[in-house]
Each structure stands twice: as C-alpha cells, then as structure tokens.
Amino acid sequence: MPRDKKGSPGGPMSGKRFRIALVLASLIVAAGMFAFGQDSPEATSYEIRISLDTEMDTMVGIQEVHVVNRSSEAVDEIPFALIANWGAEPNPYLHPALTDAQYAAGFDPTWTRISQVRDADGNPLSFRLAPTPPFLLTFSLEAGLLIVELDAPLAPGAEILIRIDFETKFARASAGDNCVAKDTYTWRFGWNPVLVDSGALAGRFELPAANYHVELTIPQGYHAFGGADMQQELGTEAGIKTIELSNQRPTRSVPLIIGPELSSVSTEWNGVTIEAVYLPGGEAYAREALSYAEEILDYHTEQFGPFAGTRLIIAENPTSGFFGMAADGFVLVGASIVRLKDMPALGIYDRVSEYLLAHEIAHLWWGIGIGTDFNAENWISEGFAEYLSISYFEDRYGGFNPNLLSHLQPGLVEDAMLESMGYMNLRQHMSELPYLALLQLGFDEPIIQPMADSQYLNGITIRTYSKGYLALRALEAIIGKDTLHTILVEALDEWNGKLLSVEDFKLLAERISQSDLADFFADWIYGTAQLDVGISGFDTHAMESGYQTLLTLSGIDPIFPVDIQATLTDGSTAEMRFVPTCCSADTVAFETVLPISAIAIDPDEMLPDANRYNNHWPRKIMVDHPFRSADAPEIGKPLDAYVIDISPTGISGSFRNDHAWSLMLLPHIDPNMDWESFNSLDDRLLLDLVGVFAANIGRDLGISFTGMITALDLQTGMGELDAMLTARILGFTHPQTGQAGLYWYPSWQHTLTVGALGALPRPTPYLSLSVQYDSQPTILMRNRMQLVLGIPGFGTAPFASITWQGERRLRLFHLMYVDVGASIAESLSQDLPNEFLFSLSQLHSFDYLPMGHHQAYAAIEAVFPPLVRDSGYAILNLTRLDSITPSVFIQGGRTQANCLSVCEPGIRVEAGARLAFIFPGFLGTSIRLDIGYAVPLIGVDGSARAFFELGGGF
Ligand SMILES: [Zn+2]
C-alpha cells in the first residue's frame, strides 16, 4: 500500500530502533485487496450511492456491482473483501497503553456491515461472512470476506448485477486514514465491499481496477474532495448536498476527504486540474504544493510516461505526522508537514515536503497506476516510487553534497540546524545509511517475499524502500539510465490500470535491455546477496610513453560493471568501465599519459556497496581543522571516508555509524572555586581530560568506553578518574505484534562494565554486571538487576553491591495510568568505597541526600489524560505545543549507612506534581519538558521547590 512515513534515519544503536512504529515507514496496516487473477469473476463497474452520517461516523448506502465471469468455469459464489473489518478488533498482542495515543477516546473500530444483497430484479441473494487469512494481520480476521451465493451458477463470459446494501464506520482515531479526526473524514481504499478473486486465500494483496461512479451525500456545511477525474455538485436539498464522482478509466478506489473546515486552491497543468485541500492555516502550504506538483508532474511525465487522469487532489490529512499516502488521483500528507512548514526556520521542510510529494505522486505511476501485490511484491510500488522521487530530487539538487537543508537562509536557528543536521543528503543518509544499518543488524532479507515469511519484520520498510531503491539504482548501472527509462515507460503503457508482477517486470526488462538479468533478480530481488567491491592494490610504472597502472579489485561480482575514475597528477580525470565476467581476473590494467595520484571506483555511487571506504586509493581520510579556509566544502558525514575533526579543545573521529571516538582536553573550572581569593599565579593549571569511544558491532553487541579525568594536575598526576569500558549484549525474544512475520524485540539487555572510579593515582577498579528484562510490548514492565564488584589487588579491599530495580505501567483507562517503581540496593561487603555508596538522587526537594550501604526506594505516579492533545499552539514560531500531561507522584525511601557512631534514620519522602509538555522536534522527533513542584513530607533538610527536566527526542 502506498503509505509512507518519513523520518530522520537515526543511528543503528539509537534507543528507539526497536519501537514498533518504525522510523522510516509504517507497515501495511491500512487497506487493500486480495488476489485478482486473470481467470475469475471480475467487477467491471461499481455504481455507488452513499450518505455520510456525521452523527454515527458512518457511510450508509447501496452499491451495484457489474460482474463478468472471466474464468472458463461456471461459478456460484462471488467473494468481496470487507476491508474495514480488518480494524474491527483491537490488537490483542500490544499493551493498550501503546496504542492509546492513536485514538480519541480509546479503541474505536472500523467496520462494514451488510444488510442485504439482491440481484438486478431486487430478489434477495443469500450471503455469508468468512474470515480473512492471516497473511498481513494476525487478528481482526473475522468477517473479512463477504461471500455472495448465487441462485444459479454464472456461466463463463456471463454477466450479473449484484446490489449490496452496506454501512461502513470510520474510527475516531488519529492514525493514517479510515478515520475521523477534527471533524474531517478520510478513507482511501475499500470503504465499500470490493470484489476479489476466489483465490484470495492465496495471500496476495492486490487492488483490481474498475469503473467507479459514486453519488455521495453529505451535510450542506461539509466539503468533500474525491480522487476522481470528474467531481460536481448535483444539488442541495433539505440541508443535504449531493456530489457526483466519476472516472473515464478504471481506478482502484474513490478516495475521499470530507469535512466542514476544508478549503482548496487549484491550478491547471496540461489539462490536469491540481487541487490542494487544506485545513485552516494551511493555505501557504497548499499553494506551495501546487507549485511543486506542477514541476513534479513535468518531470514524472517526461521521464516515466503520461499522467493517467485529469485531476489530482493533494490534501492535508487531519492527523499529525510526517507521512504521505497515495490513492487514485489523490495524495494525503500528514498535518505536521503543513503545520511545521516554517518551524523552527523559514522553509525548513521545503525539500523534505517536495521529495515526499514527488514520492506520493510517483505512486500514481507505480503502485496505483501500475498495481501490484502489496504483500509480497510491494517493491513494485515503494521501490519504484523511491526511485522516481529520488531521481527527481537529484536532478534538481544534485546527488552529492548536503541537499536536504542546504537551502536555508542565514540565521541563528538556521545555523544551529545546519550545525547538527546540515550534512544530510537524501540518498546517502535517508536510503543508504538505513540499508547499511540493516546489514549491520543482520536484518537483511529478500526484497520480494510474503510478509508472513519474513524472519526480520523489523527491517521490512528499509528492505522495501531503501534496499528496493538501491537495487533499482544498481539496475540503472547495469543497463543504463536510458534503457531503464524505456522499460518504465513501456511498463506503464502495458500495465497501467492492471497488475504487474516482478516476474513480468523482469521479462520486460530483459527484452528491452537485451540482457540476461536472471542473476541480478535471483541475487538482489529474490535473494540476499551483498556487495563490497573495493580496491585492494595499486601499482603504477612508467613506460616509454606514459604510465601503466595495474589496479587490483576485491569483491567484484560479475553482475555489476565497475566504473573506475583515475585522477592524474595535473588534476584531470580519466574514466573507464570494468565489466567483469564470470572468470575474469580481478586485475585491471590501463594506461595514462601522466602518473596517477588517486583512483576511485564507482564514483557515482551506483552500486549497493556495503562499504565504500575501500573504494578509494589512497583511502579517503577527511580532516576538519580550524585552519581550513572558510569556503572549503563541509565534510559532513560521508559514507566513504574516515572523518577526523580537530578543534582547539580536542580531536574526534568517526566512520559512518560504525564507530566514533573523541578526546577532549579542557582547562578545569572548579565549581566551588572561591573567586575572591583566586590567584592565577599561585594556582597550577588543572585540566579535564575526556575520552569517548562507541562502536556498533552487530545486532546484539555494542561496545563503548567513556573516560574522564577531572582536575588533572600534570605535575603531580593528581586528579579524579571515572572510566568505564562497557559491552552491551542484547537478547531477543519474538513477541506477537499482530502482524505476520517474525519480530525481534530486545527483551534482554545485559551490560558488562570494567571501570575505575576515584582519585588518581589510586582509583578503585570495579566490575559491574547488569541484567535487564523488559516485557514492553505486552505488559509494560521492566526489571533490572545489577551486581558491582570491586576488583581486589589494586590497593582497595574487595567489595560488592547488588541492586534490583523494577518499573511497571498500569492502565486504568484510556490515557490514564499509574506508574509504579521500586528499587532495593544492598552492599554485600562491610565497606563500600565512597564512590559506590547509594543515594536517593531521584528526589527533588532535599538538599543533602545521605550516602549509605543499604537503600530502599519506591515511587508511585498517577498520570492523567492530557490537558490538551495535538494542540498546535505555536511557540514563537519555533515549534508547536503538542500536549500537556499532568501527573502527581509520591516517592521516597531510606538510605542507611553502616554507621559506627551517630546515624540518622535516612528516611525521605516527597510528594509532587508535574506537567509534561511535549513539543515536536525535527522530522518526527519530540522534545519533552517537565515542570514540577515537589514538597518534602518526611525527612530532614527538605524544602518545597520547583524542578525542571528536559528529555525526549531521538
Ligand atoms: Zn510510498
């Protein structure tokens, strides 16, 4: 299903990577169709009369379906899919707290109910409801199919008219479509019963096209926009408005957006009416979208063939998010793109929203125009839409260098954005980097396979979109850009309005390119091949005239030609293409007039290379330092180079998201310094030395080191050391998610740390082992056990401590929770070094928290439903307030020391309240600011006070 969600790529070790809502795209959960073979009953037309009931949030009506039996056998049953019933039941596998945010007031179903089925003469036909096979979702399968039982068998070639009285309900929800939010109703596919192949049980997921004619009635004050070539108002009577929607060509649905507050602006492009529909405040976006749409249509039609239809609706979806969704003549964009258009900087999302529109409009060629099986072969839809839109984007803004934020004007906020994210390149950081992370996590799988066969459901989006795009880019490298375009245009010519299989696409590609692509498809589309082509050796020697170079390549694959670019000593370049055969040597010889200073392979980054670092000779090491000229190009985050950054205070280095390190040396500033008696001549210079290293090793292992020496005196060697080397080991379980395929959840998180803490030259070495079990998807609970051991033999007595910590969220009702947490910490030895004593640092209202050997802590917090949700209140044009969630808490505990003389009881308890403000950050991230007030109830040294906490974001 063409349904996309775009976000920041995020590092492979970022904490949210296992969130069930993936960063880059949502899974197929919306609507769709089953198999529709060539040899089965087929719907040629749907004549629908339907009314929107805004009291009940339903559409009630009658559809007349013209059915032709295209098979060679008589049939006595006609199956229809009732797609709304896929949303009739809540997901039983996820804790409801995880899905609360999607609903206005708790789970609200979508459904289609059938009241009667009749033939052309009005005689009732019997029917029954049957379950959907679990090939996409594994719940809400009941009544997914309507089977109409004919009185007499329908002979081959014969036709019949079936009348179905039905009612379909929208969900009060704020996720995607099929819902009503802010009084606005949206639904793309299958709000009506849709005829499917009796082979629906095969598990294909296709939308057959047919002629649709719809008469829609809505309340007079509402406005409706349908994805249809013709839309006209037929009249108004008794407060009810009737709208006619029709097409002159088969379409897959009549997608709708209906609401009282919708407005639109429109333009004409080569006989096509483009209409941009917006909610209050969205006009600037709408006008910008019209202008982008014209340029996108120019490009797409020129490159990929004519636009089918005469009308295109681009509508602001009422629900927030950075996503787009397409249907016939219809594109929905998430409200966040409209509302945050110029926040926090003018035009910040221009490029993102242009690319998103290019992707969604591309679906009118691939995915909607050319249909496919959205289950196993969604690549035909998403991979190609990515290929079309990224090609468009690179044609306009170049394929190299930063291109997502490079258009920002000079400014304060702009500079801050550029500093943190200015490096972003659409292809490198939004497609290639996620693909590299997929390989690193071991989640690679064939691009083409049914969802239920997936062993790594976590990677399905990156495989379909990013790997799918990279595979098409590689195909372009093999057969050439012009040939690939000829293939795409031919495919449209033959399959527009029909269903294309990958196998048919392969045959077409082979016929037009006149090449054997069997290996490419077997390895890269149906297989799990990976590629790492590189330069392993290089030798140049002078000849009588000019120079001969012998280049040794590694990792070559006979499927892919390798472009070689040599840079000569005068700066000029020479190019050649190496086409390996099955048995060719991996040494390439070529001659040049001047000596060669550098060689690069695949300089246009056409191949899906798992490692581009070895594509250069000499290897590319880019160094940023304070003496680079001001107009030197930004280094950013290249995928083919090692980056070293030298600044006056330190040095850092990194390679992609694989590893990063930094070393910083700063003058030490004593936070308790007495400035009045400060004498710079008396005081020796003290330094702070900070070193950090982190590496992603694979799916289940990450290694990090942090080391800090504060107040280091170089003459005496005195200072405070805090250093730890940590291995994080993940253990996966496979909870049910409600979607077909195997999902990997890191339930077990173990860390093993070797550290040293304390004053130099005798810090305390220790070992820490922690085990955490997290059962988030089903019961929202987390338990953690930590054992800390002093390593004997370094001057400290052996010591040990153990800590247990547990947290659980209980749901009382929709958006109302009680969070409980507790911890117990005990020293297992008589003494603990000071650095390892426990304290109640969670408390806000106590000045002097005691340190001790034994500690118990408990907290209970009642989280109330948000005071506002999706508020949209602008904060200085920087962002918009999303929600304010109030909560009250009581927390406290006791810390007890092994005291020899005086010992205070150490019990401290406080009560408090807080408001959590959530703001959207860049591209779907969020920022949380807590403002609270805590009052001491039990304990000494306490005083009531306000506190602030900043968190969130990823
Ligand atoms: Zn898409």
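This report looks at one helix and several paired strands.

The model is predicted, so local features need pLDDT of at least 70, side-chain atom pairs count only at pLDDT 80 or more, and totals for chains, interfaces and linings use all residues. Residues are numbered from 1 along each chain as its sequence is written, and side-chain values use heavy atoms, with hydrogens and water left out.

Helices (H or I, at least four residues) and strands (E, at least two) are DSSP runs, numbered from the N terminus. Start with helix 2, residues 283–304. Its expected span is 1.5 Å times one less than its number of residues. The 22 residues should therefore span 32 Å, and the end C-alpha atoms are 30 Å apart, which agrees. Gly305 follows helix 2 and has a positive phi, near 105 degrees.

Now the strands. Two strands pair if DSSP finds at least two bridges between them. An open antiparallel sheet holds 3 strands, in the order 23-24-27. Strand 23 (534–542) and strand 27 (587–592) are the edges, each pairing on one side only.

| Strands | Bridges | Facing residues |
|---|---|---|
| 41 and 42 (residues 854–863) | 10 bridges | Val820 and Ile860 |

How many residues lie between strand 40 and strand 41 in their hairpin? There are 2 residues between them. Leu815 sits in this turn, with a positive phi of about 65 degrees.
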